[in-house]
Amino acid sequence: MKASDLFVQCLEAEGVERIFGVPGEENADLMISLKTSTIEFVLCRHEQAAAFMADAYGRLTGKPGVCLATLGPGATNLVTGVADANMDRAPLVAIIGQGSTARLHKESHQNMDAIAMFEPISKWASSIPNAEVIPEVIRKAFKLSIEEKPGATVIELPEDIAKEEVDLQPMVPTVTRRPGADWKAVKQATDLIASAKCPLILAGNGAVRKWAARQLERLAKKLGVPVVNTFMGKGAVPMDSSYCLYTIGLQGKDHVLKAFVEADLIIAVGYDLVEYAPSFWNGNGDKKIIHMDFTPAEVDKDYPVTVDIVSDLADALWSVNEKLNEACEGKLPLFQIEKWADLKNTIWEDLTAEKADASFPMKPQRIINDIRSALGPDDILLSDVGAHKMWVSRYYQCHEPNTCLISNGFCSMGFALPGAIGATFARPESKVVAVCGDAGFLMNVQDLETAARIGAKFVCIVWLDGEYGLIKWKQQNHFDGQHSDLAFNNPDMELLARSFGIWGQHVKRNEDFANALDEALTCNGPALIAVDVDYRENVALTERLGEIDLPL
């Protein structure tokens, strides 16, 4: 068969159901081979958006999302989305075209070393030098992408290799079992827990894996210890559980940090330092730390790990739970969760204080409360990057793991709108809402056309302030209220929506927002809501949190 046909058969063997991308001349053979395949090709309007779609799809399904671009500018346009998936631990396989191998050794049209470009931002990147290695390369790319910790891999297919004749079959994927927890490390951990006076659990990105979250909640109940989640660990323990102490992540004071001041032992579960640096919660380096994750702990002076349990995370949690049953029979729970009730109530009162605020432009707190009220436990919110991300991250709480997708490793503006398209494929039974700032929204606005064309059912909510609000907020905090010129103009959002053929509304009154959201969620395709937001609340929040008495 032709090599491009074999390539597609290998993708089918890996269980690929769809590819998001923008094709070009150099991968024309592959595109023609896809025409007779079971794989759906989702034609996008920008390669970066295609990568974000694959990113979100991978996070939600647990299997690699696949994106495609041609050589040169097509490949460079993929870079941000690939880097985002890699740093946010989303399984993704990127397929890029390349010119004929007969011209790669010299100066030629659109020729560049794309693999060298992708190597620093992926787990593995390789070109296919001849058709004979196609099954191995594809098998390796998918295996490494999904291997903990998940991330991005890249395959380059030169145009002349795609045309070769080959007599091979796809490799059969096999399940790789991750190792269980070392019994000595588990015993060290349980001994450390039993001798602690005030342990606390910190749940990170890895904790939202399905089985890990279940075992984590079991551990919290067994110990009588609360769980604080990072921005990317939301829903690891349900928000309405007495064991949920909500979210950490603002780079300053916050009520939840009182728990870290009091704690003498931190049980870090699936925590990546890229999410929230330990210097913010262990600046004195005096906490004992149990690190439980798929990979060894990163080296950091503020993260001095006492016990490092490296294994499948769900198994590590299960092993600790079982060892506690054995070692502390009749004594569980070791601690009293009621101790944390006052702090939990304080945080909740803070989070809900302005939930019914009637002012306009709308306060971020009110917008988030209205969104939370409109969505069910299994529905999905995706946050773009900007000032609104800080509000979503602190205020939006979750019932279930992986129901709030936030780019907090690479922090890429432009993620949420295309990510929402990927989410509709991954979770068609769930309502999907993308929350964007007006800056990030326009970075990938072109793929509203993709959403409208394919009938992707989600709501994009654009917070309007006409500035790069997060940059302004940070500059104000660091330069005594001063900031550089960060203002810009926005289009008429209702007209913009109409030009794409979708439902849209610019909310002009506070009381209209919830009704607009309810109506948008009933649309049979994408819908757009624009709302003016009062970002004076940014500095007000900084000042209010700054008054918290917190000896860090």
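Let's start at P361, which sits in the loop between α12 and α13. The bond that joins F360 to P361 is a cis peptide bond, with omega at about 0°. Before we go on, please keep in mind that this is a predicted model.

Where else can you find a cis bond? The peptide bond from L332 to P333 is cis as well, with omega near 0°. P333 belongs to the loop between α11 (313-327) and α12 (341-351). Why point these out? Because most peptide bonds are trans, and most residues other than glycine have a negative phi.

If you want to look it up on the screen, Y246 is in strand β9, residues 244-247.

Now, back to α13, and to the helices it packs against. Take α14 to begin with. Helix α13 covers residues 364-374 and helix α14 covers residues 387-395; they pack at an angle of about 55°, and their axes are 10 Å apart. Because of that angle, α13 is oblique to α14. The crossing of α13 past α14 is right-handed. Which residues meet there? From α13 we have P364, Q365 and I368, and from α14 we have W391, V392 and Y395. Sorted by class, this contact of α13 with α14 has five nonpolar residues, one polar residue and no charged ones.

The other partner to look at is helix α20, residues 513-520. It packs with α13 at an angle of about 35°, with the axes 10 Å apart. Here too, α13 passes α20 in a right-handed crossing. On the α13 side the residues are I367, D370, I371 and A374, and they meet F513, A514, L517 and D518 in α20. By class, the contact of α13 with α20 counts six nonpolar, no polar and two charged residues.

Let's move to another pair, α3 and α15. Helix α3 is residues 47-61, helix α15 is residues 416-426, and they pack at an angle of about 40° with their axes 7 Å apart. So α3 and α15 are oblique to each other. Left-handed or right-handed? The crossing of α3 and α15 is right-handed. By class, the contact of α3 with α15 has 11 nonpolar, three polar and no charged residues.

My last stop is an empty space. How do we find one? Rolling a probe the size of a water molecule over the atoms shows where empty space is left. The second largest pocket has a volume of about 380 Å³. There are 15 residues lining this second largest pocket, and the closest to its centre are L250, Q251, G252, N477 and T542. Which element gives the largest share? That is α18, with five residues in the lining of the second largest pocket. And by class, the lining has seven nonpolar, six polar and two charged residues.

Note on methods:
Residues are numbered from 1 along each chain as its sequence is written. This is a predicted model: local features need pLDDT of at least 70, side-chain atom pairs count only at pLDDT 80 or more; totals for chains, interfaces and linings use all residues. Side-chain values use heavy atoms; hydrogens and water are left out. Axes are lines fitted to C-alpha atoms, for helices over the stretch in contact, and angles run from 0 to 180 degrees between N-to-C directions. Helices (H or I, at least four residues) and strands (E, at least two) are DSSP runs, numbered from the N terminus. Angles under 35 degrees count as roughly parallel, over 145 as roughly antiparallel, 65 to 115 as roughly perpendicular and the rest as oblique. A crossing is left-handed if the near helix is turned anticlockwise from the far one by less than a right angle, and right-handed if clockwise. Contact means heavy atoms within 4.5 Å. Ala, Val, Leu, Ile, Met, Phe, Trp, Tyr, Cys and Pro count as nonpolar, Asp, Glu, Lys and Arg as charged, and the others, Gly among them, as polar. On a 1 Å grid over the protein atoms alone, a cavity is a set of points where a 1.4 Å probe fits but cannot get out, and a pocket is an open set with protein on both sides within 12 Å along at least five of seven lines; lining residues have an atom within 4 Å of a point. Grid points are joined across faces, edges and corners, and a volume is the space filled by probe spheres set on the points.
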